[in-house]
Amino acid sequence: ACFTSTRDVHCHTKWTESVTLPKGCHKSVLIYVSRKANTSRDYSLISDTCLHSPTSLTHQHPIAMKVFLVAMLATVATAQLAKHQEELIEKFGSQNVKFGENIRSEFCNQCTEITVTSTGGAMEHQPQRIARYTKAGALWENMMPFWKSDNNQYITPDPMSNPIMYYIKWVVSESVGGFNAGLMNDAYTDGYNCPYEIPDQWEYEFERQWFVDPTLKVVCTKTRDM
């Protein structure tokens, strides 16, 4: 949050980093962090921060200011990622969840990128799930992988999936583990099917009901061999 005094302008985040601009500044650095989405969504530096100050930080040290902002955003992203991973470790156990695109899983190991497409109801009612997903880790001692999109959606087994029972239900959700899913496949749950091997019967959620979208496709678009 930023506040202005009669002498200086200060900007602070919820972390320990802060920046103090010199006297005479009438504008400030704005860093906006959306904690709900767990990502730095927007940030901007007003280039004429101290337009009326000949000793302004932006005039004397423009490179230093840019480096500071990059370092600040990296710290924010790292802290949020670490928190998300800690939550998953707490939910699944340290032996049951691993992170990284190079994690090798027992099943569905070859596909490193999945693309979800639709021209029907899923695109209309769940557009945030229509995206490209890259491999981000694995569950159950590296048995099954999960994939993540740039807007923090996941292709993941749902909360009731149990590899011991040979039951895997693939969903597209805002979290690993499948809570609050917007896409799912309830037709191919027996055995260890990979999501990109499921040919049809993908469904989308709309007003707490599920509907089949024949145009909804989940396709592997990049493999380790490509």
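Predicted model: local features only at pLDDT ≥ 70, side-chain atom pairs only at ≥ 80, totals over all residues.

Colleague: Which side chain does D186 meet in a salt bridge?

Modeller: That of K169, with 3.6 Å from N to O. The two are 17 residues apart and link distant parts of the chain: K169 sits in the loop between β10 and β11, and D186 in the loop between β12 and β13.

Colleague: And K169, buried or exposed?

Modeller: K169 is buried, at 12% relative accessible area. The cut-off for buried is under 20%, so K169 falls within it.

Colleague: How many salt bridges are there by this rule?

Modeller: The count is 2. Besides the K169 and D186 pair, there is a salt bridge between E113 and R132, whose closest N and O atoms are 3.8 Å apart. E113 lies in strand β7 and R132 in strand β8, 19 residues apart, and this pair too links distant parts of the chain.

Colleague: What about the accessibility of E113 and R132?

Modeller: E113 is buried, with a relative accessible area of 13%, whereas R132 counts as exposed at 51%. Exposed means over 50%, so R132 qualifies.

Colleague: Switching to the core: which residues touch the most other members of the largest nonpolar core?

Modeller: V116, I155, W170 and L183, out of 29 residues in that core. Strands that each supply at least two residues to this core include β7 (111-117), β8 (132-139) and β13 (202-206).

Colleague: What does L183 touch, leaving out residues up to four places away in sequence?

Modeller: Among them are V116, A122, I130, V171, V172, Y204, W210 and L216.

Colleague: Where is the bridge partner of L183?

Modeller: In β13, where Y204 is the partner. Strand β12 (residues 183-185) pairs with β13 in the antiparallel sense over 3 bridges.

Colleague: Which other strand is joined to β13 by bridges?

Modeller: Strand β14 (residues 209-212) runs antiparallel to β13, and 4 bridges join them. E203 stands opposite V212 there. The two strands form a hairpin with 2 residues between them, and E207 in the turn has a positive phi of about 55°.

Colleague: How many residues of β13 are buried?

Modeller: 4 of its 5 residues, so β13 is mostly covered.

Colleague: Now aromatics. How many aromatic pairs does a search of the whole structure find?

Modeller: It finds 6. In one of them, W147 and W170 are tilted, with 5.8 Å centre to centre and 55° between the planes. W147 lies in strand β9 and W170 in strand β11, so the pair ties together parts that are 23 residues apart in sequence. Both tryptophans, W147 and W170, are buried.

Colleague: Which residues do ring pairs link into a cluster?

Modeller: F107, Y166 and Y192.

Colleague: Last one: how many helices and strands does the chain have?

Modeller: The protein chain has 3 helices and 15 strands. Of its 226 residues, 40% count as buried.

Technical notes. Residues numbered from 1 in each chain as written. Heavy atoms only, no water. Core = buried A, V, L, I, M, F, W, Y, C linked by side-chain atoms within 4.5 Å. Buried < 20%, exposed > 50% of the residue type's maximum accessible area, 1.4 Å probe, protein only. Contact = heavy atoms within 4.5 Å. Pairing = 2+ DSSP bridges. Phe/Tyr/Trp six-rings, centres within 6.5 Å; stacked < 30°, edge-to-face > 60°. Salt bridge = Lys/Arg side-chain N within 4 Å of Asp/Glu carboxyl O.
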